Amino acid sequence: MPELPEVETIRLALEPHVVGRRFERVDIDDPRLVRPFEPVAVAAELEGERVAALDRRGKYLIVRFESGRVLLIHLRMTGSLRHVADGALADDPHRRAVVKLDDGSDVAYRDVRRFGTWQLLEPDEVDPYLQRRLGGEPLERAFTARRLSERLAGRRAPIKAALLDQRTVAGLGNIYVDEALWRAQVHPLRPAGTLDADEVAELTRSIREALRAGIARQGASLRDYSTPDGRRGRMQERFRVYGRAGEPCPRCGTPVDKIRAGGRGTWYCPNCQRLDTPQARQAARRSARRPSRSSRQSSV
Ligand SMILES: [Zn+2]
């Protein structure tokens, strides 16, 4: 499933092709993409809109039009976007939508599992919509250890589950959470509220490093993800633990283990990432007398 680095790679590649261009013709072939609205009606609304900017928030791609309206694209599990020159669109049974731009080129949306969504929002709907669903942007300066610490305080959920919750940090998914926790040497099942200040500071750095590594290699192509020019990302060749059960930890050589955490397959090093640490024991004693703040889960 595309995570922040994959969506950011798509954004960077598409930006020069779409900004300033007008949506000349829009064909939406899958009602699931825009439901509960009619594909024909949404396509008609999009035609004539000119792109002012292509942004990203978490795993959302944000097409901002000059009119102030926004097309919010979420790729979910298997969505991807291609940009091709005029007349170069090859047959594809999994294509769900095509936007013909005013320079003749096409932006094609492909989605095998069909969980992706396109939402057309009015100008005043965009910020409230995103703010309800997303926490801080991890690569922005405002994302600090203090801010992450506030989001984790009092939470008994495993740190893995807390980081998959998009309201804790926006844009992380199964891959980059495992990679960040390995970098920070934090066990995925540690109760989120038991990390001390030093551990949260290290985790904050590790999240940024894991995401930057992914962006630098154009994301990870495990199944369906590819860049808008049809190339595969290379991050999957550089995973430290993700998907590497039984292989040696790059830090200490101990075989990587696979468990379930936050409802997901989770890879970690049982030697570098200990569950029973002095910090965890101390935090457990502290919180024994304190009521825990309950927290709902969201992995949108
Ligand atoms: Zn290790």
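**Ground rules**

I number residues from 1 along each chain as its sequence is written, and my side-chain values use heavy atoms, with hydrogens and water left out. Since I'm on a predicted model, local features need pLDDT of at least 70 and side-chain atom pairs count only at pLDDT 80 or more, while totals for chains, interfaces and linings use all residues.

**Zinc site**

I started with the metal. Which atoms hold the zinc ion? I find the SG atoms of C249, C252, C269 and C272, at 2.2 to 2.4 Å. For donors I took N, O and S atoms within 2.8 Å of the metal (3.2 Å for Na, K and Ca); water is not among the atoms, so sites may look incomplete.

Next I looked up the geometry. The angles between the four donor atoms run from 101 to 114°, which makes the arrangement tetrahedral. My cut-off there: four donors count as tetrahedral if all angles lie between 85 and 135 degrees.

Along the chain, the zinc donors follow C-x2-C-x16-C-x2-C. I then placed two of them: C252 is in the loop between α8 (197-216) and β9 (257-261), and C272 is in the loop between β10 (264-268) and α9 (278-287), so this pair ties together parts that are 20 residues apart in sequence. Helices (H or I, at least four residues) and strands (E, at least two) are DSSP runs, numbered from the N terminus.

Buried or exposed? I checked C269 and C272. C269 is buried at 0% relative accessibility, and C272 is buried too, at 10%. C252 comes out as partly exposed, at 32%. I call a residue buried under 20% relative accessible area, exposed over 50%, and partly exposed in between (1.4 Å probe, protein chains only).

With those cysteines in view, I searched for disulfides over the whole structure and got zero. The cut-off was a pair of cysteine sulfur atoms within 2.5 Å.

**Salt bridges**

How many salt bridges turn up in the whole structure? I get 26, where a salt bridge is a side-chain nitrogen of Lys or Arg within 4 Å of a carboxyl oxygen of Asp or Glu.

I looked at R69 with E49, whose closest N and O atoms are 3.1 Å apart. This pair links distant parts of the chain: R69 is in the loop between β3 (60-65) and β4 (70-74), E49 in the loop between α3 and β2 (51-57), 20 residues apart. Both R69 and E49 are buried.

Then I went to E209 and R183, which meet in a salt bridge at 3.5 Å, N to O. E209 sits in helix α8 and R183 in helix α7, so the pair ties together parts that are 26 residues apart in sequence. I have E209 down as partly exposed at 38% and R183 as buried at 16%.

Helix α8 also holds R205 and E202, three residues apart, about one turn of the helix. Their salt bridge has its closest N and O atoms 2.8 Å apart. R205 is partly exposed at 44%, as is E202 at 27%.

I also noted a network of salt bridges linking E8, R11, E15, R56, R57 and E137.

I found a cis peptide bond from R35 to P36, with omega near 10°. P36 is in the loop between α2 (31-34) and α3 (39-46).

Q185 has a positive phi of about 60° although it is not a glycine. I place Q185 in the loop between α7 (174-184) and α8, partly exposed at 41%.

Q218 also has a positive phi, near 60°, and is not a glycine. Its spot is the loop between α8 and β9, and Q218 is partly exposed at 33%.

**Surface patch and a proline**

M1, M77 and F115 form a nonpolar surface patch with about 250 Å² of accessible area together. Such patches take residues with over 30% relative accessible area and no salt bridge, nonpolar side chains (Val, Leu, Ile, Met, Phe, Trp, Tyr) being joined within 5 Å. Accessible areas are Shrake-Rupley with a 1.4 Å probe. M1 sits in the segment before α1 (4-18) and is partly exposed at 36%.

Last, I looked up P128, in helix α4 (residues 126-133) and partly exposed at 37%.

Key: Tetrahedral: all angles 85-135°; square planar, octahedral: opposite > 155°, others 65-115°. Patch = residues over 30% accessible without salt bridge, like charges linked within 9 Å, V, L, I, M, F, W, Y side chains within 5 Å.
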